[in-house]
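Subject: Model for you to look at

Hi,

Here is the model we talked about. Please open it first, then read my notes below.

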Amino acid sequence: MSSVTLYIESDLEELIPGFMQNREKDVRDLRIALANNDMDEVALLGHSLKGVGGGYGFDFVTEMGREIEEASKTGQNVLVEQLIEQLATMLDNITIIYR
Amino acid sequence: METILIVDDNADNRNLLRVILNKHHYTLFEAENGLEAMAIATSKLPDLILLDIMMPIKDGYETCAELKREKTTQDIPVIFLSARDETSDKVKGLELGAADYITKPFNKAEVVARVKTHLKLYGLARSLVLANENLKNKQKKLDEDLAAAAQIQYSLIPSTVPEIDHYSFAYRFEPSDLSGGDIFNIHRLDESNVVMYIVDVSGHGVPAAMVTVAVAQCLRPHGRTIIKEEIDTTPFYKITTPLDVVCKLDEQFPIERFEKFFTIVYLVLNTKTGEIRYSNAGHPFPIIVRKSGQLEILETGGTVIGLGDVVPFEEGKAQIHPGDRLYLYTDGIVEFSDKDEEYFGEDRLYQELVRHRAISLDESCDSLLDTLRVFGKGLKPQDDITLVALEYGL
């Protein structure tokens, strides 16, 4: 897929590596929780993503987090799996421009 | 330097807030959960707390509730910062006592603006509490000063009456608030003479009390006093006439001196002859109640002390005989008004004193005050009540 370009404030530059690492961990945790059918944990992780993304300029993380939380609360496990993988792919394909 | 405590289990949230708030020069503390938050809040007493809700161990709601229960932390403004964006979440947070609720993902400018607003409000609230404390302390000091002035004044009032053959004396004194403006005395001047006087200084409180003290000093029985003068020939003293006493007071207490004026009735009684000499400066007229029940009002008088001899003072004479009574009083009695603003007045006073001719002098004083109380129907007197009485026994 084509990459998404994110414009992020230069103030946050030094936080981004840590942020990215944490998001990748979130994806791993989501996969594990789903495999264990621990939908409460999935909802919690989704909720957390929803809260953290936008502030850093990663609006898609907020969006995906919201959808994952929704889907897990309504028992749509298949959708949840799709969303997780979509998030993973998006995280792998971003270009960041600091300004 | 204002301090802010950031509470969030997510390191990325904490980091972001730290970067944003550092730019505005706040000192920051961080906590990962409610437990840490309480520990830091109670020890550091930050000026504001940014509080996440979804946290392990102790969530934001519980933490907020606990902060508001703790005396030391209950006034610290709490701003919830949460991805829980339902109205019910916000209502719950605000009902727990939070000052504000910002949803995540948050807008940097919004967070800063609200933080600034609440810090300012908190600062203002604390100033108000401080100012109030100061005010209370000042008031307490004022009350203490007032009580001290009252103590001084009470010390000037006679504790006993003179014991003189054939005469009995009585007095009643009921100040209207902590510090009255009335002062009086009855004492021997020498073997044959007794002085009685009442002074009523305008106003109340500490200023009036100070003037009464000064006047009392002038009129004191011994030492440097204006009521007796030293002379070169036997008996080496002369009793100052009432007229001269009043004139000297007028000289020493012009109204400009303390911005107070006072009234005085000053009376010298020759206990051997029953002769009375008196001078009155603006004061209610003394009353003689004869053995027969007839009244004589001692009406010779001049204006108040302090106006600088504008109207000349006068001296009057009277004569009492065995069986007669004499009453001096202040206008707190005749000007005592009841709920309907009707004054007690001289007529009622005269009636009362004549009516009580049959009972003892002391009882007549109590009776008068009882009648006043009944007249007032429970209303407190608006002014000091002073009554000084004597009876020439049979």
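Contact here means heavy atoms within 4.5 Å. Helices (H or I, at least four residues) and strands (E, at least two) are DSSP runs, numbered from the N terminus.

Some ground rules. This is a predicted model, in which local features need pLDDT of at least 70, side-chain atom pairs count only at pLDDT 80 or more, and totals for chains, interfaces and linings use all residues. Residues are numbered from 1 along each chain as its sequence is written, chains are lettered from A and ligands numbered from 1 in the order in which they are written, and side-chain values use heavy atoms, with hydrogens and water left out.

Chain A overall

Chain A has four helices and two strands. Their order from the N terminus is β-α-α-α-α-β. Chain A has 99 residues, and 44% of them are buried (under 20% relative accessible area, 1.4 Å probe, protein chains only). Among contacts in chain A with a separation of 6 or more, 68% join residues 24 or more positions apart.

Helix α1 against α4

Two packed helices are described by the angle between their axes and the distance between the axes. Axes are lines fitted to C-alpha atoms, for helices over the stretch in contact, and angles run from 0 to 180 degrees between N-to-C directions. The axes of α1(A) (residues 16-35) and α4(A) (residues 77-92) come within 10 Å and cross at roughly 160 degrees. The two helices are therefore roughly antiparallel (angles over 145 degrees). From α1(A), M20(A), R23(A), V27(A), L30(A), R31(A) and L34(A) take part. Their partners in α4(A) include V80(A), I84(A), L87(A) and L91(A). By class, this contact has nine nonpolar, one polar and four charged residues. Nonpolar covers Ala, Val, Leu, Ile, Met, Phe, Trp, Tyr, Cys and Pro; charged covers Asp, Glu, Lys and Arg; the others, Gly among them, are polar.

Helix α1 against α2

The axes of α1(A) and α2(A) (residues 39-56) come within 9 Å and cross at roughly 160 degrees. That makes this pair roughly antiparallel too. On the α1(A) side, the contact residues include I16(A), F19(A) and A33(A). On the α2(A) side, they include L45(A), L49(A) and Y56(A). The contact divides into eleven nonpolar, one polar and four charged residues.

One site in chain B

H356(B) sits in the loop between α10 (345-355) and α11 (361-376) of chain B. Is H356(B) buried or exposed? H356(B) counts as buried, because its relative accessibility is 10%. Beyond its neighbours within four places in sequence, H356(B) contacts R325(B), S364(B), S367(B), L368(B) and T371(B).

Best wishes

Definitions and conventions
Buried means under 20% relative accessible area, exposed over 50%, partly exposed in between (1.4 Å probe, protein chains only). Angles under 35 degrees count as roughly parallel, over 145 as roughly antiparallel, 65 to 115 as roughly perpendicular and the rest as oblique.
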